[in-house]
Structures are given as structure tokens and as C-alpha cells.
Amino acid sequence: MELLVTADYLEIPGLLARCSQRLSKLLTKETMPEALRMAQVISSPELWRQLAVVAAKGVATPNFDTLPQELQLLALDERIKLLERELRNTRERLGMVPAPRPAVVFWRQSLSLEEQQNFLTQALSSKDLVPALFQGLREKASPFFREASQQRWGALGDEARAHFEE
């Protein structure tokens, strides 16, 4: 704090700003009253702004109403800025959250094997869906598909294979 007073006395704006920032990071509930008295004596706008930021965060201020009126107004402005920043960050995070799944998805995931088999049987009866089922089987169950294909290929006679080997 002595350096801050010296920077104010010698009117060194860069050092005054640095000291104000450093002081704001060191503030506690116990040191806040002393920092307020210093701000009133020095009347540095940078120190007032840093105190307002600390007051807006509510870190070192036991009771917002006990602050001087000037600092309350600055702190309210800083609190608005903080809330706007938090709102913007929340909106960004919200944009990254996947859309909620409809209830039908959870119901579909809980179908028993028998119900799944009924769905597939119904789909197999539709000639339009057989190519899609075949493609899904090939892509999603490739080990089963390869083994089943190999068994069928092995069961074919030489005459039937000859057509494909040419």
C-alpha cells in the first residue's frame, strides 16, 4: 500500500494502475476498510474501479450497503458487467450441449429382444426395407455378416460359384 501512496504522490499513472490491480487481488474482508480509506484519500479512479470489481464479486465486502455511495454505484456497474459476461459464457456453453433426446428414443433403447425381433420381422416383410436392413447388418454387425456370408458361400455348389468367379 505504501507503493500505491508513493505512486499517487509522484503521479506515476502506470505504477498506480499496477499497484491498484495488485491490491485488489490481495483484498480480504479485514483489509477492505483500509483500502477504502486509502481510495478516499488518494482519489485514484483506477483504485476505485479495482475496489468496485472486488465489491461486485462480493469477495471482500461483508455488506454491500456499508460501502460508500460512490463505490456502490461503481460496484453495481461492475456487477452488471460480470453478469453479462457470465450470461454470455452460459449461452456459449448451452450451445455446446447436445439437444435433449425425445422419450421415444429411451423407449426404443429399452425394447426387449422379443420386441426387437418383432420389429425386424415386420421390416423384413416390406421389400423396400430389406436393402436397408441388409446394409445395416453389413455395417453394424460386420463379424457376424462375414461369418454368415462365408458359411453361405461354402454351402454353394461349384456350379453356383462359377458364375461369380468368372
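Which residues touch the most other members of the largest nonpolar core? In this predicted model, they are Leu27, Met32, Leu36, Leu51, Leu67 and Leu71. The core holds 16 residues.

The overall fold is helical. The protein has 10 helices and zero strands. Along the sequence, the pattern reads α-α-α-α-α-α-α-α-α-α. Of the 166 residues in the protein, 23% are buried. Among contacts with a separation of 6 or more, 41% link residues 24 or more positions apart.

Helix α4 was examined next. α4 has 13 residues. From the first C-alpha to the last, α4 reaches 18 Å, close to the 18 Å expected at 1.5 Å a residue. Its buried residues are Leu47, Trp48, Gln50, Leu51, Ala52, Val53, Val54, Ala55 and Ala56. Just after α4 comes Gly58, with a positive phi of about 75°.

Two packed helices are described by the angle and the distance between their axes. Here, the axes of α4 and α5 come within 7 Å. They cross at roughly 65°. The crossing of α4 past α5 is right-handed. On the α4 side, the contact involves Trp48, Arg49, Leu51, Ala52, Val53, Ala55, Ala56 and Lys57. On the α5 side, the partners are Glu70, Leu71, Leu74, Ala75, Glu78, Arg79 and Leu82. The residues of this contact comprise 10 nonpolar, no polar and five charged. Leu51 and Leu71 take part in this contact, and both are among the core residues that touch the most other members.

Key. Residues numbered from 1 in each chain as written. Predicted model: local features only at pLDDT ≥ 70, side-chain atom pairs only at ≥ 80, totals over all residues. Heavy atoms only, no water. Core = buried A, V, L, I, M, F, W, Y, C linked by side-chain atoms within 4.5 Å. Buried < 20%, exposed > 50% of the residue type's maximum accessible area, 1.4 Å probe, protein only. Axes fitted to C-alpha atoms, helices over the stretch in contact; angles between N-to-C directions. Helix = DSSP H or I, 4+ residues; strand = E, 2+ residues; numbered from the N terminus. Left-handed = near helix turned anticlockwise from the far one by under 90°. Contact = heavy atoms within 4.5 Å. Nonpolar A, V, L, I, M, F, W, Y, C, P; charged D, E, K, R; others polar. Expected span 1.5 Å × (residues − 1).
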